[in-house]
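Subject: Structure for you to look at

Hello,

Here is the structure I promised you. Please open it first, then read my notes below.

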Amino acid sequence: MTTLYGPADLTRGANESVTRLRLFDGQLNLSWKHCAIASDFVAELIAMRYRASRNAYKEVRHNIGYLTNELVENAVKFRTAGGIVVEVSIDDSNFRAKVSNFVDGETAARFQDLLSEITTGDPGDLLIERIEANAIGTGKSGSGLGLLTLMSDYGVRFAWVFGPNGDGGGIALETYASIPVPDISN
């Protein structure tokens, strides 16, 4: 059974004209430094189209790097064994990313609870509530702060698809994101 959180339109056309980066879990073991390297690579790859404008280049490189790093870090942090696939594309007005990995059943259930909460309220209000609760050590934990920051401050739209169990017993998780980018056709 497949479960979707977020707008379905983000999941359509995601495999058209994409750049794919596969992070294998081998002898090097996937770690935080791989997140930074992968996100820097993706950010630089996309930002190069904006090199004619220093400000646009810096903005795109920062925003895409931050978004991609958050997605890859979450995939590394919460995954079961196995690799991670990052797929990215860009059109005139949006950068789109899809990160695929496997999570265990307990992680999937906790994440679905979080998503039920953060996809129904105002991201800005929820972000403030989470920060305040985290600061005083009561209420909900800081979980979801990165996603809420991206939604509130960067205009990122997210969708998540939880798929059937894979061969290794993990649940397939696809995280989709779309962030506005400057139109360079003008």
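One definition to start: a residue is buried under 20% relative accessible area, exposed over 50%, and partly exposed in between (1.4 Å probe, protein chains only). This is a predicted model, where local features need pLDDT of at least 70 and side-chain atom pairs count only at pLDDT 80 or more, while totals for chains, interfaces and linings use all residues. Residues are numbered from 1 along each chain as its sequence is written, and side-chain values use heavy atoms, with hydrogens and water left out.

**The chain**

The chain has 186 residues, and 40% of them count as buried. Its secondary structure comprises 5 helices and 6 strands. Helices (H or I, at least four residues) and strands (E, at least two) are DSSP runs, numbered from the N terminus. In order from that end, the elements read β-β-α-α-β-β-α-α-α-β-β.

**Aromatic rings**

A pair of aromatic rings is described by the distance of the centres and the angle of the planes. Rings of Phe, Tyr and Trp (its six-membered ring) pair if their centres lie within 6.5 Å; planes under 30 degrees apart are stacked, over 60 edge-to-face, and the rest tilted. The structure holds 4 aromatic pairs.

Why is the pair of Tyr66 and Tyr154 tilted? Their ring centres are 5.2 Å apart and their planes stand at 50°. This pair links distant parts of the chain: Tyr66 is in helix α2 and Tyr154 in helix α5, 88 residues apart. Tyr66 is partly exposed at 26% relative accessible area. Tyr154 is partly exposed too, at 24%.

Now take Phe111 and Trp160. Their ring centres are 6.0 Å apart with planes at 85°, so the pair is edge-to-face. Phe111 sits in helix α3 and Trp160 in strand β5 (residues 157-165), so the pair ties together parts 49 residues apart in sequence. Phe111 is buried, with a relative accessible area of 18%. Trp160 is buried as well, at 1%. Phe111, Phe158, Trp160 and Phe162 form one aromatic cluster.

**The largest pocket**

A pocket is an open set of points on a 1 Å grid over the protein atoms alone, where a 1.4 Å probe fits, with protein on both sides within 12 Å along at least five of seven lines; lining residues have an atom within 4 Å of a point. Which residues lie nearest the centre of the largest pocket? They are Asn74, Phe78, Phe111, Leu114 and Ser143, out of 25 lining residues. Helix α2 supplies the largest share of the lining, 7 residues.

Best wishes
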